[in-house]
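Here is a report on one protein assembly. Keep the sequence and the 3D view open while reading.

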Amino acid sequence: MKLTIATSVLKEFFSIVETLATELRLHIDSDKIWYRTVDAANVAMAYSELSSEAFTVYDIGEPSSICIDLTKFRNVFQMKGAEITIESVNEAQIIIYCGGYDYKLALLNDATVKKDPGMPSLELPGEITINGGIIGDILKIVGISSDKPRFILDTSGLRIFTKDIDEVGRTIKPDEAIKMSGTGNSMFSIDYLKEAARAWGNSEITIQIGNDFPIIVSYQITRGKSMFLLAPRIEET
Amino acid sequence: MKLTIATSVLKEFFSIVETLATELRLHIDSDKIWYRTVDAANVAMAYSELSSEAFTVYDIGEPSSICIDLTKFRNVFQMKGAEITIESVNEAQIIIYCGGYDYKLALLNDATVKKDPGMPSLELPGEITINGGIIGDILKIVGISSDKPRFILDTSGLRIFTKDIDEVGRTIKPDEAIKMSGTGNSMFSIDYLKEAARAWGNSEITIQIGNDFPIIVSYQITRGKSMFLLAPRIEET
Amino acid sequence: MKLTIATSVLKEFFSIVETLATELRLHIDSDKIWYRTVDAANVAMAYSELSSEAFTVYDIGEPSSICIDLTKFRNVFQMKGAEITIESVNEAQIIIYCGGYDYKLALLNDATVKKDPGMPSLELPGEITINGGIIGDILKIVGISSDKPRFILDTSGLRIFTKDIDEVGRTIKPDEAIKMSGTGNSMFSIDYLKEAARAWGNSEITIQIGNDFPIIVSYQITRGKSMFLLAPRIEET
């Protein structure tokens, strides 16, 4: 196996899983590479895929999967090379070239890495397409009151707010969004959302929500796409 | 009550009390809003007033006072709105609008917030008017030797210094100041002064000092003024 | 004694010893000032000298040495003056003038400060002259795998790498260096090297290495020179 790709593109591909997992099973198929994983608490799921067209060299031999220590792998992004080349050395090791450095990295044993989760099939009644930076900014502010923002979507807009003794929130009017339709009302843990918002940055994102159902955020990355799913916090009554 | 004001002006108004108090009684009179408070240790006092002319909307009904949690209130300054509107909801709650956000904030019970201190009447024999940045810079340096700088004013200038085994100081010559007159000799805790210096920044400040007496620093803010008073440290002999 | 010098030049002179020692014996000779010291663990040695020509005033009286508290002395570099003047007050005290400040500093008792180490005479078979920034960058990266980089010099270049389960390294080809000759193979503690690399920055440095022998790095400073010597880590077998 030998793969060569622009460093910035590979970094984008791993961005959504950055703080979610430290070990990752990376699937290398004939037309794309991809991963799907959940965090240790089984609350959030991240998925990314990157087309083989994103690579300048895409010599994969047989489709396969490799398990990597993400924390170690990300060291490559400090090497300041414009391109990254990944080659297999043997069953248990890859070598990465970047910025003049060579980095021989032991692979993880497939049996010890958590199985890939299935993708739940959800019919979510609400959908918003919007500049992700707007959501990221709101998450920074609403955290001042509590760490469990509620998202309510109806015809008046998408309201994101937290409430304890005080209440702080912002209502995104329909015309601030690219698209806004349906309804939903769910509460989430803010830390997961803030980390994910750092990954999507100012990308155009599509949010799907329901009533006490997971939120799904999808967006394009260079020659690929990423998806983030977060389970709701259900309020006891 | 409904008050609307430029965010930067309101921020300046609260600047001198920033690290001094977490709870504040804000007086809303027909011609101005103001506060006067002391820190928990009763060592420092801060006063600010802001003319009603600073506001684009100044609809106060009857003069009143409200008690706010300053730490919470200052969250508003992260909302990046150019203007802030404060409205009373009821006796126990205000709502603040800024940057598209709405923030319902519970007021504190007046009975639980420390009574406003009286303003001591002091005749201080020394007075200096100067760019406050000069004092701020000196405070950053003289802290290297001890945390209790002494201020000595006489005809040769204003000397600010600390002394233990070593001695570090700087003498501001009369012609470096806008005005310098009288004499004084007092020692203070540096941390209070450094925090206050961050508030006054490069404003033109007027310092009044005496012999083992408090220091008073006054300066203009946009459409108002701020004052800071700090009790001396008396050296045992 | 009265010495006056540009602040930036004096700062450069002390740079290589910055994190190595807190007390320093400074020799003031007729033609130069200099120090040579080792760290508390006796693993690293730093030497710097500065020609009398670096000074605008160099009035030393008799050659002498003074012992200074480096941590205190370096406070002078925060005073933002372009020039520093050092005068002796008496046997036990100097006064430093910088940026309008005066700083009376107690000297340390010569008897309590560690004796100057001798300079070991070493014949090291490998030598590289190179932009020090290249070495500094490599040290930042190879620390990801372990804290004991090995330097191997042979005709193919200078390889700097760390190895545990993984291996990360970079080989500097002969044509990337200004000069490269001989051979060597030694391992060092990365923290010492990284600190030293901050001191030499992008200066042109000359590295001498051997086989399980110390590394010596020498470079010019403004009107003087600095030298850094670090003992090797010997691997148990």
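In this predicted model, chain C can be superposed on chain A by a rotation of 120° with 0.0 Å of shift along the axis, at an RMSD of 0.0 Å. The two copies are thus related as by a three-fold rotation axis. Chain A can also be laid on chain B. That takes a turn of 120° and a shift of 0.1 Å along the axis, and the RMSD is again given as 0.0 Å. In general, two copies of a chain are related by a rotation about an axis and a shift along it.

**A residue with a contact in another chain**

Gln93(A) sits in strand β8 of chain A, which covers residues 93-98. Is Gln93(A) buried or exposed? Gln93(A) is buried, because its relative accessible area is 18% and the cut-off for buried is under 20%. Within chain A, Gln93(A) touches Ser88(A), Lys104(A), Leu105(A), Ala106(A) and Leu107(A). Gln93(A) also touches Ile165(C) in chain C. These contacts leave out residues up to four places away in sequence.

**Cysteines**

How many disulfides does the structure hold? Over all chains, the count is zero. Cys98(A) is buried, with a relative accessible area of 2%. Cys98(B) is buried as well, at 1% relative accessibility.

Rolling a probe the size of a water molecule over the atoms shows where empty space is left. There are three cavities of 30 Å³ or more. The table gives two of them.

| Cavity | Volume | Lining residues by class |
|---|---|---|
| Largest | about 70 Å³ | eleven nonpolar, no polar, no charged |

The largest cavity is lined by residues of chain B: Leu3(B), Leu10(B), Phe14(B), Leu26(B), Ile33(B), Phe55(B), Ile66(B), Ile68(B), Phe73(B), Ile86(B) and Ile94(B).

Helix α4 of chain C spans residues 190-200. Which of its residues are buried? They are Ile190(C), Leu193(C), Ala196(C), Ala197(C), Ala199(C) and Trp200(C). These buried residues pack against two helices of chain C, α1 (7-15) and α3 (132-142). They also pack against the strands β11 (150-154), β16 (204-209), β17 (215-221) and β18 (224-230) of chain C. Just after α4(C) comes Gly201(C), with a positive phi of about 55°.

In chain B, α4 also covers residues 190-200. Its buried residues are Ile190(B), Leu193(B), Ala196(B), Ala197(B), Ala199(B) and Trp200(B). The cover over them includes α1 and α3 (132-142) of chain B. Strands β11 (150-154), β16 (204-209), β17 (215-221) and β18 (224-230) of chain B are also part of that cover. Gly201(B) follows α4(B), and its phi is positive, near 50°.

Asp59(C) lies in strand β5 of chain C, residues 55-59. Asp59(C) is partly exposed, with a relative accessible area of 47%. Beyond its neighbours within four places in sequence, Asp59(C) is in contact with Met1(C), Lys2(C) and Leu3(C). How far apart in space are Asp59(C) and Tyr192(C)? They are 36 Å apart, C-alpha to C-alpha, and 133 residues apart in sequence.

Ser156(C) is in the loop between β11 and β12 (157-163) of chain C. At 42% relative accessibility, Ser156(C) counts as partly exposed. Ser156(C) touches Thr171(C), Ile172(C), Lys173(C) and Pro174(C), leaving out residues up to four places away in sequence. Ser156(C) and Thr171(C) are 15 residues apart in sequence. In space, the C-alpha atoms of this pair are 8.3 Å apart.

Key:
Residues are numbered from 1 along each chain as its sequence is written. Chains are lettered from A and ligands numbered from 1 in the order in which they are written. This is a predicted model: local features need pLDDT of at least 70, side-chain atom pairs count only at pLDDT 80 or more; totals for chains, interfaces and linings use all residues. Side-chain values use heavy atoms; hydrogens and water are left out. Helices (H or I, at least four residues) and strands (E, at least two) are DSSP runs, numbered from the N terminus. Buried means under 20% relative accessible area, exposed over 50%, partly exposed in between (1.4 Å probe, protein chains only). Contact means heavy atoms within 4.5 Å. Copies are superposed by least squares on the C-alpha atoms of residues with pLDDT of at least 70 in both. A disulfide is a pair of cysteine sulfur atoms within 2.5 Å. On a 1 Å grid over the protein atoms alone, a cavity is a set of points where a 1.4 Å probe fits but cannot get out, and a pocket is an open set with protein on both sides within 12 Å along at least five of seven lines; lining residues have an atom within 4 Å of a point. Grid points are joined across faces, edges and corners, and a volume is the space filled by probe spheres set on the points. Ala, Val, Leu, Ile, Met, Phe, Trp, Tyr, Cys and Pro count as nonpolar, Asp, Glu, Lys and Arg as charged, and the others, Gly among them, as polar.
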